[in-house]
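Here are my notes on the aromatic rings, as you're new to this one. Have the model open while you go through them.

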Amino acid sequence: MPHKYAQIAFTDSVRKVQVEQNSRSGYAKMDQGEDYNHLLSQYEADFISKRDSFYMASVSQTNWPYLQHRGGPKGFMRVIDESTLGFADFSGNKQYVSTGNFRTNDRVALFFMDYPNKRRLKLMGIIKLVPNNDWETLAKLEVEGYRANVERAFLIHVEAFDWNCPQHITPRFAEEDLDQLVAPLVAENEKLKQQVKGVQSFTQASTDLKETNAIGDGELSLVISGIRQLTPRVRAYEFRDLNGNDLPVIEAGSHLQIPVRLRNGKTVLRHYSICSNSKRRDIYEIAVLKDDNGQGGSRAVHETLQLGMQLNCRSAENYFPLHKDDRPAVMFAGGIGITPIKAMAQVLKCRGNNFTLHYAGRSFQEMAFRDHLVREFPQEIKLYEGQKDTLNVKKVMQSANKDCVFYVCGPASLIDAVIEAGEQLSIEAWRIHYERFTASLAEDAQSFSVQLAQSAKEVHVDKDTSLLDALLNDGIEQAYSCKTGNCKTCVVKVLEGEVEHHDNCLTEAEKTEQNLMCPCVSRAKSSNLILDI
């Protein structure tokens, strides 16, 4: 569908620049179909109603633009209907330049800023002065109880609007914003005082917590600086450098290896995708789904990680990289699988790539970042709630561009559906990228035996146990990291036997010519294997 803002802003010279900067393909979709983005939804109306100022540009008779900042009480810019805005100028606010400009050129451009949340709405319209005898309209634009009287009023017919990429908006906070931000810290301060039974400051209490609770032996020392409850079962954790330095540069799709202390006292590593914008250097953020039926890692994260705690993590790694050219992308996310996909979508959006994001979950309430994603990617995202909205993976992939790259993260059923659809549609395997959070065992998996050539030992692998876990349980020292077939850390050489490969990292040559396998996810097709261990 054509984007009304594109029709106005994307002149021939602008389009030429888009071509020169290899971003034209990302904007091309804005030129087709019925008009949109010229009628305000409730979302835009709510956003505008919370603003206490805006930037406005007019054009003079000399063709020079004139930019000014209009201010007033929160909500003084009124949404009259889906295509009309209105606002009052207050006594003492002459604004003769813009008012004079509007007499010869009624075009106007506005920016509405939300600095704390890094949001920006830009809007274009046709403006007119409200006649002094139009008491009904003037009354609508008055602000009851405000200290200044209305001096003049304007109506704006909305021609087009668009939401900007938030990448370079610096957060700024009003006094009431700071009060809200500080309130939980004050409460935490009181809690810490009680815990240490003293009158220590928040800084000293946080230091004590770090020294007491620091876990892990990785090279990246992080402190938990924020915790948010995203859904009833998903909690976000924000990490900063312990000494306040910039964090290492990462790419979208990267994950952190977090040391987690289980209920039995054992410390294990768990991999969690970094879901914050990969351009940020101040924080890493992960989101963790509490799985009471899992192996205990996510439950331990929810139960033990606290504000101020220090974690010595291993440096971020990326087994799920994003393509670097201007090819379009189709992205599938199921449940907590949205975490790496969110960061990838932010990169694609700012880069100008054409993409769509298909996000499925049990219910809207269970879908982490749902509201944020709808605001950030209003044209690109499609949501699927439970059984009400069925995601037809094959249909989506069939309608995609021929050079499209596919990404999927989520439950095994979704990943398998994308892989199967790709095979049915003859889509090259290298165009389909996926990341599993856990190794999946097929329902028809069979037990088998493994002989270890170097140690002359034999290990039995049950049908519901991975080969890697069987080796570790038998006391065999075997390196590993992701346990999901993504990293190659646990790769072993097969001397005899046929392998059923389920990894996402080995090349065909490594599998067939070098006889390598990933024991964390792959199994034996034959009754036994002989490994070079």
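1. Start with Trp 163, which is buried at a relative accessible area of 12%; buried means under 20% (1.4 Å probe, protein chains only). Phe 47 is buried too, at 2%.

2. Before going on, a caution: this is a predicted model, where local features need pLDDT of at least 70 and side-chain atom pairs count only at pLDDT 80 or more, while totals for chains, interfaces and linings use all residues. Residues are numbered from 1 along each chain as its sequence is written, and side-chain values use heavy atoms, leaving out hydrogens and water.

3. Searching the whole structure turns up 11 aromatic pairs (Phe, Tyr or Trp rings, the six-membered one for Trp, with centres within 6.5 Å). Phe 47 and Trp 163 are edge-to-face, because their planes sit at 75° (the cut-off is over 60 degrees); their ring centres are 4.8 Å apart. Phe 47 is in helix H4 (residues 42–49) and Trp 163 in strand E7 (residues 150–163), so this pair ties together parts 116 residues apart in sequence. Helices (H or I, at least four residues) and strands (E, at least two) are DSSP runs, numbered from the N terminus.

4. Phe 355 and Phe 377 also pair edge-to-face, at 5.8 Å between centres and 80° between planes. Both are buried.

5. Look for the cluster as well: ring pairs link Phe 54, Phe 76, Phe 87, Phe 90, Phe 102, Phe 112, Tyr 146 and Phe 154.

6. Finally, Arg 172 lies over the face of Tyr 115, 4.8 Å from the ring centre (NZ of Lys or CZ of Arg within 6 Å of the centre and within 35 degrees of the ring normal). Lys 342 does likewise over Phe 369, at 5.0 Å.

How values were computed:
Rings of Phe, Tyr and Trp (its six-membered ring) pair if their centres lie within 6.5 Å; planes under 30 degrees apart count as stacked, over 60 as edge-to-face and the rest as tilted. Buried means under 20% relative accessible area, exposed over 50%, partly exposed in between (1.4 Å probe, protein chains only).
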